[in-house]
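The exercises below concern one protein chain and its fold. Each task is followed by a solution in steps.

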Amino acid sequence: MKKLENKTVFITGGLSGIGKACAILAAREGANIAIADIQSNTTESAMQEIKAVNSKAIFIACDVSDFAQVGNAIKKTIDTFSSLDVALNNAGIGGEANDVGDMTQEAWLRVIGINLNGVFYCMKHELQQMAKQKSGVIINMASILGKVGFAKSSHYVAAKHGVVGLTQTAAMEYATQGIRINAICPGFIETPLLTKGGIEEDNDAGKWIKSLHPMKRLGRAEEIAEAFLFLASESGSFVTGTAMEVDGGYLAQ
Ligand code: NAP
């Protein structure tokens, strides 16, 4: 028996990195997939990869920092597949690196708008449907930086701490309504997000980042997808309100 047979799985930021790995694993486990992402030049190739596993997968162009676009994306998902069983609120960006005193207001608002407001917008719409169904699972992609600080990333750290708090609070609110809400806190994972920030597997920045993890390596998107599958499926049936660390030991130090 596949773990997500005929479930509708909505994934933001599902065209790349962690979101795409989760989409492919969920599709392999029998799910119908709705990807909501900013349209990019990789849209077609990424969707082909996902559709190779489940041809019914759909793409919806959506900027998660826009409340109305998020509402439309979730409506289109429900109109297409008739339910919303699992939502992975994963879209996120890194943003400029600066100390707090030098951080521009624009950079602050952009990261908070996507990484925190975007998660709230998604949850608000998702929970309206899930409350009607009296069932559903939400997984928010937080970070180890939702639990500790990291110099020159105050906007990102503040947003991810917010995502953890939002997850815990909503988990309590919906715990008796058949809805489970959790977060995942990955360590540094080898995805385009890191490359965009100048971190490559073997450059100086990459070597330093690897050295911060007791396992002395970056994580792989597929390793985060395994945690997602656990939380999304019946395997995680008694798990709600957690912020699960998948981090090569980063937070154990
Ligand atoms: P990624 O490879 O850059 O994928 C993120 C996806 O989200 C991309 O397709 C991106 O599109 C899209 N996106 C960006 N802004 C968006 C918006 N406003 N609305 C909708 N989609 C948007 O990054 P990733 O590493 O997989 O990160 C996924 C999540 O994991 C993020 O929340 C990130 O903070 C979190 N995370 C990552 C790491 C890590 O080390 N990689 C560690 C901890 C947590 P574009 O490519 O066009 O921007």
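**Exercise 1.** Which residues does Gly92 touch, not counting residues up to four places away in sequence?

Solution. Contact is defined as heavy atoms within 4.5 Å. By that rule Gly92 touches Ile114, Asn115 and Leu193, with residues up to four places away in sequence left out.

Before going on, note the conventions. This is a predicted model, in which local features need pLDDT of at least 70, side-chain atom pairs count only at pLDDT 80 or more, and totals for chains, interfaces and linings use all residues. Residues are numbered from 1 along each chain as its sequence is written, and side-chain values use heavy atoms, with hydrogens and water left out.

**Exercise 2.** Describe the overall dimensions of the protein.

Solution. Begin with the elements: the protein has 8 helices and 7 strands. Its C-alpha atoms fill a box of roughly 45 × 35 × 35 Å along the principal axes. The radius of gyration is taken over C-alpha atoms, and the globule rule is 2.2 Å times the number of residues to the power 0.38. For 253 residues a compact globule would have a radius of gyration near 18 Å, and the 17 Å of the protein agrees with this. Buried residues account for 52% of the 253 residues. Finally, of the contacts between residues at least 6 apart in sequence, 71% join residues at least 24 apart.

**Exercise 3.** How many residues are in the largest nonpolar core, and which elements give two or more residues to this core?

Solution. A nonpolar core is a set of buried Ala, Val, Leu, Ile, Met, Phe, Trp, Tyr and Cys residues joined through side-chain atoms within 4.5 Å. The largest one has 46 residues, and Phe10 and Ile181 have the most contacts inside it. Two or more residues come from each of β2 (32–37), β3 (58–61), α3 (67–81), α4 (105–133), α5 (154–174) and β6 (179–186). The largest share, 8 residues, is that of α4. Another core, of 35 residues, lies apart from this one, and includes Val9, Ala21, Met141 and Ala221.

Beyond residues up to four places away in sequence, Ile181 touches partners including Met123, Leu127, Ile138, Tyr174 and Thr242.

**Exercise 4.** Which residues with positive phi lie in loops, and how exposed is each one?

Solution. Consider Lys134 first. Lys134 is not a glycine, yet its phi is positive, about 60°. Lys134 is in the loop between α4 and β5 (136–141), and is exposed at a relative accessible area of 61%. Next is Lys152, whose phi is near 70°, again positive in a residue other than glycine. Lys152 belongs to the loop between β5 and α5 and is partly exposed, at 41% relative accessible area.

**Exercise 5.** Locate Arg28 and list its contacts.

Solution. Arg28 is in helix α1 (residues 17–28). Leaving out residues up to four places away in sequence, Arg28 touches Lys2 and Val53. Arg28 and Ser153 are 35 Å apart, C-alpha to C-alpha, and 125 residues apart in sequence.

Note on methods. Buried < 20%, exposed > 50% of the residue type's maximum accessible area, 1.4 Å probe, protein only. Helix = DSSP H or I, 4+ residues; strand = E, 2+ residues; numbered from the N terminus.
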